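Colleague: Hi, I'm new to this one and could use a quick tour. Could you put it up on the screen?

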Amino acid sequence: MSLSIDAAHRVAVVLVEALPYIRRFRGQTIVVKYGGNAMVDAQLKHSFARDIVLMKLVGMNPVVVHGGGPQIGELLGRLGIQSRFVDGQRVTDAATMDVVEMVLGGLVNKDIVNLINSHGGRAVGITGKDAAAIRARKLSLRHAGDDASLPDEIIDLGHVGEVEVIDTALLDLLSGRDFIPVVAPIGVGADGATYNINADTVAGKLAAALKAEKLMLLTNTAGVLDGSGKLIPRMDAATAQALIADGTIHGGMLPKINCALDAVAGGVGAAHILDGRVEHAVLLEVFTDSGVGTLIAGALDGIWPAS
């Protein structure tokens with residue numbers, strides 16, 4: 001069905017607005033952490049896949065990192081394995097780690113790969129264990145004791161890890177051959193042990209290691225909100241630190257902001273906390289002036305292309 005003149009004009013306006021962004025980001029790496037509603041809502045899943053494919057077709061190098069907490073919890077429940085969390089971290093014993101690896105490295109990862117490929121992409125799924133791309137070490141939580149005279153309590157989370165070092169060789173090879181890497185946040189220790197790592201953390205560390213132009217974190221919120229609940233569309237690192245200090249940024253948003261700040265400090269051009277409930281959120285953030293979330297950069301000058 002042909003477009004009306006008005007509809008065709010609107011399409012042309014969108015393309016003209018996108019052109020300087022396509023020019024600027026061509027050849028650049030963009031790491032996208034995929035999760036939240038965008039990962040479970042059928043329409044948003046297809047919207048996300050089309051966004052990633054289009055980014056690749058216009059010359060960008062998207063790298064997708066995904067979570068899968070709800071899917072892990074569901075399978076653990078079906079298997080009768082009880083989940084326990086400490087400070088938001090899933091305590092991961094050997095049996096739980098087997099399920100985590102099966103869900104993240106298998107079911108969820110391959111579903112995303114298949115989705116992207118069904119929209120014309122060439123996605124390849126990997127975990128951090130492949131080619132030892134993500135070297136990890138055991139993560140332990142330290143809690144201060146109730147009595148100041150007693151030593152801090154060290155809580156063993158089992159197979160929960162943190163990123164020690166990232167080897168980008170495999171990811172560079174895949175992106176250079178026009179594949180779209182889809183990465184499950186599982187790492188491997190020096191002793192060969194497998195570790196479950198927070199997906200936001202992996203995305204941020206990968207973005208820094210790959211010298212990415214952008215890191216995008218899809219969430220179930222509009223972005224970072226000020227004290228009155230209004231969206232903050234962009235901020236520099238100093239402003240973000242001030243909002244943390246005065247308590248405006250708190251709760252579940254705090255680790256995402258810290259991930260974004262670490263990525264920017266590590267050389268990533270800008271980090272974005274996006275509303276994954278908005279269809280085509282990734283494209284709107286990359287290709288339009290307004291975006292759909294909060295942009296965080298070391299400094300705001302010079303991060304938008306000239307019209």
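Colleague: Thanks! Which residues touch the most other members of the largest nonpolar core?

Modeller: Tyr 34, Ile 116 and Val 282 do, out of the 43 residues in that core. A nonpolar core here is a set of buried Ala, Val, Leu, Ile, Met, Phe, Trp, Tyr and Cys residues joined through side-chain atoms within 4.5 Å. Buried means under 20% relative accessible area, exposed means over 50%, and partly exposed is in between (1.4 Å probe, protein chains only). Before we go on: this is a predicted model, where local features need pLDDT of at least 70 and side-chain atom pairs count only at pLDDT 80 or more, while totals for chains, interfaces and linings use all residues. Residues are numbered from 1 along each chain as its sequence is written, and side-chain values use heavy atoms, with hydrogens and water left out.

Colleague: Switching to the strands, what's the order in the eight-stranded sheet?

Modeller: The order is S5-S8-S2-S1-S11-S13-S14-S12, in an open sheet with mixed pairing. Two strands pair if DSSP finds at least two bridges between them. Strand S5 (123-127) and strand S12 (234-236) are the edge strands, each pairing on one side only. From one strand to the next, the twist averages 20°.

Colleague: And what packs on the sheet?

Modeller: H2 does, touching S1, strand S2 (61-66), S8 and S11. The direction of H2 makes about 150° with that of S2. For those angles, axes are lines fitted to C-alpha atoms, for helices over the stretch in contact, and the values run from 0 to 180 degrees between N-to-C directions.

Colleague: Is S1 mostly covered or mostly exposed?

Modeller: Mostly covered: six of its six residues are buried. Thr 29, Val 31 and Lys 33 point one way, while Ile 30, Val 32 and Tyr 34 point the other.

Colleague: Which strands does S1 run parallel with?

Modeller: S1 and S2 run parallel, joined by six bridges, and Tyr 34 has His 66 as its bridge partner in S2. S1 also pairs with S11 in the parallel sense, over four bridges. In S11, the partner of Val 31 is Leu 215.

Colleague: Why is S11 called largely enclosed?

Modeller: Because six of the six residues of S11 are buried. S11 also pairs in the parallel sense with strand S13 (residues 270-275), over six bridges. Along that pairing, Lys 214 stands opposite Ala 270 and Leu 218 stands opposite Leu 274.

Colleague: Now the holes. What volume does the largest pocket have?

Modeller: About 1200 Å³. It has 42 lining residues, and Gln 89, Ile 197, Asn 198, Ala 199 and Asp 200 lie nearest its centre. On a 1 Å grid over the protein atoms alone, a pocket is an open set of points with protein on both sides within 12 Å along at least five of seven lines; a cavity is a set where a 1.4 Å probe fits but cannot get out, and lining residues have an atom within 4 Å of a point. Grid points are joined across faces, edges and corners, and a volume is the space filled by probe spheres set on the points.

Colleague: How many cavities of 30 Å³ or more are there?

Modeller: Two, by this rule.

Colleague: Last one: is Val 108 buried or exposed?

Modeller: Val 108 sits in helix H4 and counts as buried, at 9% relative accessibility. Not counting residues up to four places away in sequence, Val 108 touches Met 39, His 66, Gly 67, Gln 71 and Val 103. Val 108 and Gly 67 are 41 residues apart along the chain, with 8.3 Å between their C-alpha atoms.

Technical notes
Helix = DSSP H or I, 4+ residues; strand = E, 2+ residues; numbered from the N terminus. Contact = heavy atoms within 4.5 Å.
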